[in-house]
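Dear colleague,

I am passing the structure below on to you, together with some notes on its charged side chains. Please read them with the model open beside you.

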Amino acid sequence: PRRRIVFSGIQPTGTPHLGNFLGALQNWVKLQQDTSPNDILLFSIVGWHSLTLPQDPKRLSVARREMLAALLAVGLDPKRSTIFHQDENPHHTELSWVFNCITPVGKLRRMTTWKSRLATSRNANDESEVDESMLNTGLFTYPVLQAADILLYKATHVPVGEDQKQHIELARDIADTFNRQFSKTFPLPEYVATTTRRVLSLKDPASKMSKSSPDVSSRILLTDTEKEIRKKIRGAVTDSVTGVTYDPVNRPGTSNLLTILAACTNEDIYELAKRYEIKGHGDLKNDVADAVVKLLEQPRAEFERLQGEQEYLSQVAREGAERATAYSTLTMQEVRKSVGL
Ligand code: ADP
Ligand code: NA
C-alpha cells in the first residue's frame, strides 16, 4: 500500500479544550500508534491562522509556546511525529500565495466558515446587506493557507474535526487545479473523520466548543482543575425536559453531554442514552464530570511538568521546524519550476 502522509494543525489561540482533545488531539495520538512506521505524520501549530482574528501579542506568544507543551502532554511523540510551528517554515506563506493566484474569489465566498462570519456582520441599517468591509482579507483567504499547509507536505490524509471538512474539499480542488494548470504535483488529500465529530459549547449548544469564545465557562480546558471541571459541567446548559435522551436536534445541550460521556468511556452513544433514560440531568452531569476529570488527569499533570522544561520544548520546536522545512523544500522547488519562477 501507498505510504500515508498525515497532516493536521491547531491554532495557538489559547489553551486546548475538550473539543480539541476529543475531536482532534486524541485521534492524532491514536494515529501515532496505528500507522505503519513508514507513514509520515506532521502536526503543526498554525500561528499564521490565528492572526485572522484580533490577538493580544503577549498572550499569543505565551499560548504559542504552551500549545507545543500541550501537544506533547497529550501523548504526541516528537521522535515519531514532526511537531512544528507553521510560522517557522516560510514555505507555508509562499505556497499560499501561489494558491491565492489560482483560486477564484467565488469559491471562497461559498465556504461556510466565511458565510457564518458574514452572517454575524450584517449591515445594521439594512438586514439584507452583508457588510464585508468589517472583515479582513485573511479571514477570507485562510482556507487557501490551510490548503498550502496540507499540500506543502503532499499530505494524503488530514484528520480534522467536521467543522473543517469543507476546507479539505477546497484543498483537493486547489491541488487538482494546480495539477492541471501547471504539472502533476499534488496528491488529492483525504479528509479523515474523527470519532468525536463535534463537541458543543457548554453555554450555547447552538455553536461548537471553541477557543475563540470569550466565555471560558463554555469550554473545559486541558489545564482545568478537578474543581473547575465539575463547576463547568454543573453549569452546562441543558433543557427542562424530564429524563435523558439522545436527540441532537431538539435537545442539543443534553445530547452534547452524552456525546462527551460516550467519547470519554468509549461507549456506544445509543446504549449509553438508554441507560440514562430513567435518570435525570443531575446524574448525567455527575458522571460526565467524573469521566472528564479522569480523562484529563494525566495530560494536565504532564502539561504542568513540561512547563519546567523550556529548554527541551525549544529543542523540540527547532528540530520539528528543520524536519518540516526539509520536506517542503522539495515541494517548493517543484512548484517554482512549474510556475516559472
Ligand atoms: P478552535 O476552533 O477551538 O480554535 P482549532 O481551529 O485550532 O480550534 O482546531 C483544532 C482542531 O480541533 C481541528 O481539527 C478542529 O476540527 C478540532 N476542533 C475544534 N473545535 C472542536 C469541537 N468543538 N469539537 C470537535 N473538534 C473540534
Ligand atoms: Na477555529
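In what follows, buried means under 20% relative accessible area, exposed means over 50%, and partly exposed means in between (1.4 Å probe, protein chains only). This is a predicted model, in which local features need pLDDT of at least 70 and side-chain atom pairs count only at pLDDT 80 or more, while totals for chains, interfaces and linings use all residues. Residues are numbered from 1 along each chain as its sequence is written, and side-chain values use heavy atoms, with hydrogens and water left out.

The structure holds 17 salt bridges, a salt bridge being a side-chain nitrogen of Lys or Arg within 4 Å of a carboxyl oxygen of Asp or Glu. One of them joins the side chains of Lys 107 and Asp 173, at 3.1 Å from N to O. Because Lys 107 lies in helix 5 (residues 105-109) and Asp 173 in helix 8 (residues 165-181), this pair ties together parts that are 66 residues apart in sequence; helices here are DSSP runs (H or I, at least four residues), as are strands (E, at least two), numbered from the N terminus. Lys 107 counts as partly exposed, at 22% relative accessibility, and so does Asp 173, at 29%.

A further salt bridge, between Arg 300 and Glu 304, spans 3.6 Å from N to O. These two residues are four apart in helix 12 (residues 281-307), so about one helical turn separates them. Arg 300 is partly exposed at 25% relative accessibility, and Glu 304 is partly exposed at 48%.

Finally, Arg 64, Asp 87 and Glu 88 are linked in a network of salt bridges.

How values were computed: Chains lettered and ligands numbered in written order.
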